[in-house]
Amino acid sequence: MFRARILGAAAGGGLPQWNCGCANCQAARRGEIPSLTQSSLAVSGDGIFWAILNTSPDIRGQLVATPELHPTGPREVPIRSVLLTNGDIDHVAGLLTLREQQPFTLFATPEILAVIAANPIFDALAPEKVTRRPLALDTEVEIAPGLTAELFAVPGKVPLYMEGAEAEVRTDLIGEQTVGAHLRAGGRDIFHIPGCARVTPALARRLDGAALVFFDGTLWQDEEMVRSGVGTKTGRRMGHISMSGEDGSIAALAPLSIGRRVFVHMNNTNPVLRPNSPERAEAEAAGWTIGQDGMEISA
Ligand code: MLT
Ligand code: MN
Ligand code: ZN
């Protein structure tokens, strides 16, 4: 048995983002399209105990909104672990909310754990309660009862706050800084890849035959943020593949046999966030589901 609950379907900033006046953010403020919280996924292999993949600054509200994750005793929660797929703020800042002497295991690559270790504010997670488990790439480990995870490198970059002053930032690194998670439960293969710069042949081979894939849905097209007037960065510069186009994720995954394909980590400028948009219709016609907060998907 495998259950997944999207806790937050938006990229960093959420929808609406606090300082953004783009068309989508304004529509969300007016209640015309659903608001979304930031990137996080809860997964379970037995329907009782859960692992949280990435903890966003919105984790508090997400946990309040999810009865399956509520305490079952005075200081007992059904959450067994947290697993990180990169060190970006939208994926690690929620760890600070998970202090309060609560035992769980924190899984991430050695490089991502080094980023956490270099920031003493994370020592708020009591070391005797929260075990940090470095997870080498391509090594399977149990993260909750009946549920294993294996991290694998996907093209990406270091967190924005670690880019430094260098003019040329490498956005296509393949290493421990940006990873996908290969989950296994009840004989099924499920993938969570909220950040990915490019679909390599090796990645396509890995995803072929999966029951369920959650994939980087940050942007519809590479220049979207520039065209929306909210910034100067392209998707490529941010280490995010686009959904559309010849080299986009919809095309790259189209030939693969995948039971269910779901976009997550949508930036607030993405036109697929408008339920009636032609882009949304195009993604859905290609077999994709646009993830929403609270959406439950089993496999
Ligand atoms: C990203 O997904 O590119 C990052 O979350 C951006 C950020 O840190 O704001
Ligand atoms: Mn992000
Ligand atoms: Zn916006």
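In this predicted model, Phe263 counts as buried at 0% relative accessibility, where buried means under 20% relative accessible area, exposed over 50% and partly exposed in between, with a 1.4 Å probe and protein chains only. Trp288 likewise counts as buried, at 3% relative accessibility.

The rings of Phe152 and Phe191 are edge-to-face because their planes stand at 75°, with the centres 5.9 Å apart. This pair links distant parts of the chain, since Phe152 is in strand β8 (residues 147-153) and Phe191 in strand β10 (residues 188-193), 39 residues apart; strands (E, at least two residues) and helices (H or I, at least four) are DSSP runs numbered from the N terminus. Phe152 is buried at a relative accessible area of 1%, and Phe191 counts as buried at 1% relative accessibility.

The rings of Phe263 and Trp288 have planes at 10° and centres 3.7 Å apart, so that pair is stacked. Phe263 lies in strand β12 and Trp288 in strand β13 (residues 288-290), so the pair ties together parts 25 residues apart in sequence.

| Ring pair | Centre distance | Plane angle and class |
|---|---|---|
| Phe152 and Phe191 | 5.9 Å | 75°, edge-to-face |
| Phe263 and Trp288 | 3.7 Å | 10°, stacked |

The zinc ion (ligand 3) is coordinated at 2.3 to 2.4 Å by Cys20 (SG), Cys22 (SG), Cys25 (SG) and Asn268 (OD1), donors being N, O and S atoms within 2.8 Å of the metal (3.2 Å for Na, K and Ca), with water not among the atoms, so sites may look incomplete. The four donor atoms subtend angles of 104 to 115°, which makes the arrangement tetrahedral, a class that requires all angles of four donors to lie between 85 and 135 degrees. Cys20 lies in the loop between β1 (3-8) and α1 (23-29) and Asn268 in the loop between β12 (260-264) and α9 (278-285), so the pair ties together parts that are 248 residues apart in sequence. Cys20 is buried, with a relative accessible area of 7%, and Asn268 is buried too, at 3%.

Residues are numbered from 1 along each chain as its sequence is written, and chains are lettered from A and ligands numbered from 1 in the order in which they are written. Local features need pLDDT of at least 70 and side-chain atom pairs count only at pLDDT 80 or more, while totals for chains, interfaces and linings use all residues, and side-chain values use heavy atoms, with hydrogens and water left out.

How values were computed: Tetrahedral: all angles 85-135°; square planar, octahedral: opposite > 155°, others 65-115°. Phe/Tyr/Trp six-rings, centres within 6.5 Å; stacked < 30°, edge-to-face > 60°.
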